[in-house]
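Please open the structure in your viewer and keep the selection tool at hand. The stops below take you from ring to ring and then to the ligand.

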Amino acid sequence: MSEKLEKARLYEIQEAENIPQEEKPAFHVAAPVGWINDPNGFSVFEEKVHLFYQYHPYSRDWGPMHWGHSVTEDMIRWEQFPAALAPDQEYDREGCFSGSAIEADGKQALIYTGVTTEKLPDGKEEIRQNQCLAFGDGKDYVKAEKNPVVTGDMLPEKCSRIDFRDPKIWKEEGTYYMIVGSRSEEIPGQVALFSSLDLKEWKFETILAENTTGEIGVMWECPDFFPLGDRYVLICSPQHMRAKGYEFHNGHNSLYFIGTYDKENHIFKREEPVSLDYGLDFYAPQTTLLPDGRRVMIAWMKSWDNCVINEKQRWQGMMTLPRELEYKDGKIWQHPVREIENYRKNSCSYQAVEIKEEKQLDGVRGRMIDLTVELMNAKASAGDGDYSEFQIELAHNEEHTTIFTYNRKKQTIEIDRTWSGVYRDVLCTRKFQITDDRENLKLRFILDRSSIELFVNDGSKTATTVIPTPAEADEILFHSDGKAVINVEKYDIVL
Ligand code: FRU
């Protein structure tokens with residue numbers, strides 16, 4: 001083991017002990033100590049689900065990237081494993097960036113972006129991003145003797161050698177395929193496809209998708225590509241987008257394209273991009289296929305530009321709950337992994353409660369909960385005069401609150417975390433459109449201390465938001481400006 005990896009492994013064991021566990025989420029992966037970003041290598045190996053992530057143990061800010069590692073049997077209880085990779089080679093000395101994993105000949109193969117610098121003829125140094133391999137037994141990994149295995153030189157002319165990262169690998173009929181995010185002088189954002197028979201020798205196949213109109217950001221980070229239902233899905237996370245209606249927000253977005261795939265000729269015909277999440281903290285999702293056939297997605301529950309943590313916190317970054325993906329009615333639906341239901345305790349439910357002005361319901365409170373609120377007559381066309389705005393406040397006390405406001409006429413939901421305890425220049429609101437034509441609006445909130453994941457109308461849309469609110473703010477308030485009627489079902493999540 002290299003000195004750098006040994007140092008990281010020692011450091012994380014010593015330091016993680018000093019972090020109060022109550023500060024951390026109970027059933028979401030979080031940084032052991034220091035900083036984490038993108039999920040990496042989300043995959044099944046020897047019957048367990050492995051999750052790696054971008055990791056800088058030494059501070060709560062981004063720094064030279066290592067790979068952290070957590071393992072689970074049910075995607076709810078996670079076990080901390082020692083750091084898997086450190087930037088300890090010439091070809092990755094600037095960082096082991098994002099990538100993926102696959103089981104190959106009884107070993108776990110990790111494929112990641114090695115970042116290094118190259119001296120140009122004029123003496124200047126320039127970043128180089130290439131794809132590298134490591135093999136392991138599920139805990140310890142050895143980098144391949146001949147790395148990198150895929151370099152920017154293998155791309156067509158005019159493609160960037162600087163922005164060429166985040167390989168996602170899969171195997172099909174004896175061949176390994178890998179897609180990598182990239183851009184070229186002409187195309188701001190594209191996805192390159194490579195193939196290999198042995199993981200070592202790779203061949204460039206094609207540019208699988210590109211940002212032809214230039215409207216979808218610049219560099220496309222963290223691509224993923226997989227069949228879902230009878231279609232194919234391409235996921236990517238474009239940098240520097242412009243807000244478009246309520247669909248996309250300014251900055252780093254994560255989106256998907258539905259399409260058809262001609263496997264022989266590697267042609268992906270795609271439809272328009274759609275946002276994967278409408279909250280304030282969601283980026284760089286990655287999926288894996290479980291042995292039982294479920295396609296599950298996990299994302300970094302943070303955004304690049306927002307720092308939503310407590311002043312004294314020594315760790316930063318969490319992952320979303322893994323979500324089962326379903327293709328239905330022309331789009332993706334997301335459901336919290338069903339295993340969460342095994343941890344539901346203390347059921348508390350109410351039927352047909354009238355909400356006029358403000359109301360709290362006995363037993364409906366908490367910060368580790370699975371809460372479903374069904375609002376009757378939610379259609380814009382439903383008899384007027386009842387109510388036009390309905391609000392739910394979560395993680396509430398005298399000082400703090402996070403508010404979800406449903407506007408019945410406009411069919412929008414607004415998230416507002418202005419009073420959640422944020423103390424920096426952080427984006428606090430986002431609005432999104434309800435697009436389902438349903439009589440009632442169903443809102444399922446999953447709270448795990450400092451996060452709120454909202455699943456709207458059984459997964460039609462999701463909105464993920466981090467709050468730095470102290471644990472004692474655990475009240476839940478309902479308001480309406482007229483007469484609204486709700487059903488409520490709440491469970492504590494107990495591990
Ligand atoms: C996305 C990203 C990736 C890169 C990694 C670096 O959030 O920028 O493109 O590999 O983070 O930590």
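How many aromatic pairs does the structure hold? The structure holds 21 of them, where rings of Phe, Tyr and Trp (its six-membered ring) pair if their centres lie within 6.5 Å, planes under 30 degrees apart counting as stacked, over 60 as edge-to-face and the rest as tilted. Before you select anything, note that this is a predicted model, in which local features need pLDDT of at least 70 and side-chain atom pairs count only at pLDDT 80 or more, while totals for chains, interfaces and linings use all residues. Residues are numbered from 1 along each chain as its sequence is written, and side-chain values use heavy atoms, with hydrogens and water left out.

Select Phe52 and Trp67 to begin. Their ring centres are 5.5 Å apart and their planes stand at 45°, so this pair is tilted. Because Phe52 belongs to strand β2 (residues 48-56) and Trp67 to strand β3 (residues 66-72), the pair ties together parts that are 15 residues apart in sequence; strands here are DSSP runs (E, at least two residues), numbered from the N terminus. Phe52 is buried, at a relative accessible area of 0%, and Trp67 is likewise buried, at 0% (buried means under 20% relative accessible area, exposed over 50%, partly exposed in between, with a 1.4 Å probe and protein chains only).

Next, select Trp170, Tyr177, Phe225, Tyr232, Tyr261 and Phe268, which form one aromatic cluster.

Then turn to two lysines. Lys7 lies over the face of Tyr58, at 4.7 Å from the ring centre, and the charged end of Lys24 sits over the ring of Trp315, 5.6 Å from its centre; a charge sits over a ring if NZ of Lys or CZ of Arg is within 6 Å of the ring centre and within 35 degrees of the ring normal.

Now select the ligand. A polar side-chain atom of Asp38 lies 2.7 Å from an oxygen atom of the ligand, and for Asn37 the corresponding distance is 3.1 Å. A polar side-chain atom of Trp304 also lies 3.1 Å from a ligand oxygen. Taken alone the ligand exposes 320 Å², and the protein buries 96% of that (areas by the Shrake-Rupley method with a 1.4 Å probe).

Finally, select Cys159, which is placed in strand β9 and is buried, with a relative accessible area of 10%.

Definitions and conventions. Polar contact = N/O pair within 3.5 Å; in protein donor to acceptor, adjacent residues only side chain to side chain. Helix = DSSP H or I, 4+ residues; strand = E, 2+ residues; numbered from the N terminus.
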